[in-house]
Amino acid sequence: LALKDVSLSLLQQKVKICFNSISRNKSYSAMRIEIDGMSKLLTEICIMEKRETIGWIDLLRILACFLVVFSHCCDPFTAQFDTNRANFLTAVFSGSLVRPCVPLFVMMTGVLLFPVRMDMIAFYKKRIGRIIIPLIFWSMLLPILFFVYLNYIHPATQNMAITGDHTWRGMGTKLYTFIFNFNFDTTPLWYLYMLIGIYFIIPILNSWLEGAKKREIQVFLGIWVISLVIPYLKMLAPLLGYTGNYGNMGLFGVCDWNVYGTFYYVSGFIGYIILAYYLVKYPLAWSWKRTLGITIPLFGIGYLITSLGFLLTQKYFPGNYANLEIVWYFAGINVFMMTFPVFVIIQKLNIRSSVLLSRIASLTFGIYLCHFVFVQIAYDIWESSLPAILRIVGMACSVFIISALIVWGMKRWSYTRRLVC
């Protein structure tokens, strides 16, 4: 449910109290207090309504969703590595370009959910309750769809990115082990597990942000930016003679019996949420010349680190995803350097809200949930003789459109609406 729905519920309660005051002949002052409360709630509802229909926010949601789809369409080509070097390089440079996708999604959470105008229990019930049902449904449906496709529709697929057990037994196991974590078939759902954790902390962050000064938020963001370089420090430390503790190569207090190091509590996606809140509350008063003069070089440097860093890592750790993913970390300094410019530029664009833009934006959550299986199907459908970049773009566009149509259809039926929104 949207945050405004909760405020509407609170408004209804205020109206009832006000009428009860009239029926019980309460004093004018008591009624005045209730009316003032109603006025504030109405103002909040108007602000929320306006915030949820701002053109640049809708555009950012659509862009982030498409970039996620595009990113997953690169995976089958990235997985070819030296088997097809040309396809691998195309996928690396294309996939690196869209790494801001998930951070942009997370920043939308910071834009749309702050400030929180309900108690913690109500927030958890509304926000986490909205996620649990889709998480369960897609965690069970996607393995079934993969099983059917890989065993009965196209068992001879050449998609080298597909991993895991797709036998009857493997599928059966996936239907209940999602309570522990996602699997290959449900790869995009990792985001929902993470998002629930974000929701746990948002009411607490909200209390701090409401009283925090601009400078205090800047200090926190500065500490967070430092945490973004830790993955690289971990790679660099052994070259400087660091040997770890008892075989564990963690830094700043991390060891076998403690995974919560110095920067643990101020790292990860939390920073993106607070950054979005900060940029909306304190928009950058930059001219277009200054904006582009800062953001374009920043994005370019981040992109070069991401793409060339991936190739360099592949050279020394061939096919080792644990090391390769370090350069593609969403909470890495290079991806931040790409995400910040995209957010700032789109925020600065004077985009009018439109019915079409809002309707497409309302489909993005459902598209995210269901698109992954269609990526694998699209890889087999698109002609292999085409250049890799054309296949990737074609796959991304077709998967996005097909997923959008499916979500649109599901939203029109009351029984399936909660599964995609």
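A contact here means heavy atoms within 4.5 Å of each other. On that basis, residues 24 or more positions apart account for 79% of the contacts in the protein chain with a separation of 6 or more. The model is predicted, and its protein chain holds 18 helices and 0 strands, with buried residues making up 48% of the 421 residues.

Confidence comes next. The chain averages a pLDDT of 88, and 87% of the residues score at least 70. Over residues 1-11 the pLDDT is below 50, although this stretch has 29 contacts in the model beyond near neighbours in sequence; over residues 43-50 the pLDDT is likewise below 50, and there the corresponding number of contacts is 10. Where pLDDT is low, the predicted coordinates should not be read in detail.

| Helix | Residues | Length | End-to-end C-alpha distance | Expected span |
|---|---|---|---|---|
| α17 | 388-411 | 24 residues | 34 Å | 34 Å |

Because 19 of its 24 residues are buried, α3 is largely enclosed by the rest of the structure. In α17, the buried residues are A388, R391, I392, G394, M395, A396, V399, F400, S403, A404, V407 and M410. The cover over these buried residues of α17 includes α3, α4 (85-97), α6 (120-153), α16 (364-381) and α18 (414-417).

Helix α16, one of the elements that cover α17, contains T364. With a relative accessibility of 2%, T364 counts as buried, because the cut-off for burial is under 20%. Leaving aside residues up to four places away in sequence, T364 touches R61, I62, C65 and F105.

The remaining feature is the largest pocket, in which about 1,300 Å³ of space lies. Of the 36 residues that line this pocket, P231, Y264, S267, G268 and Y329 are the closest to its centre. The elements that give two or more residues to the lining are α8 (190-211), α10 (230-236) and α13 (321-327). By residue class, the lining of the largest pocket divides into 26 nonpolar, 7 polar and 3 charged residues.

Conventions:
Residues numbered from 1 in each chain as written. Predicted model: local features only at pLDDT ≥ 70, side-chain atom pairs only at ≥ 80, totals over all residues. Heavy atoms only, no water. Buried < 20%, exposed > 50% of the residue type's maximum accessible area, 1.4 Å probe, protein only. Helix = DSSP H or I, 4+ residues; strand = E, 2+ residues; numbered from the N terminus. 1 Å grid on protein atoms, 1.4 Å probe; cavity = no way out; pocket = protein on both sides within 12 Å on 5 of 7 lines; lining within 4 Å. Points joined across faces, edges and corners; volume = space filled by probe spheres on them. Nonpolar A, V, L, I, M, F, W, Y, C, P; charged D, E, K, R; others polar. pLDDT = per-residue confidence, 0-100. Expected span 1.5 Å × (residues − 1).
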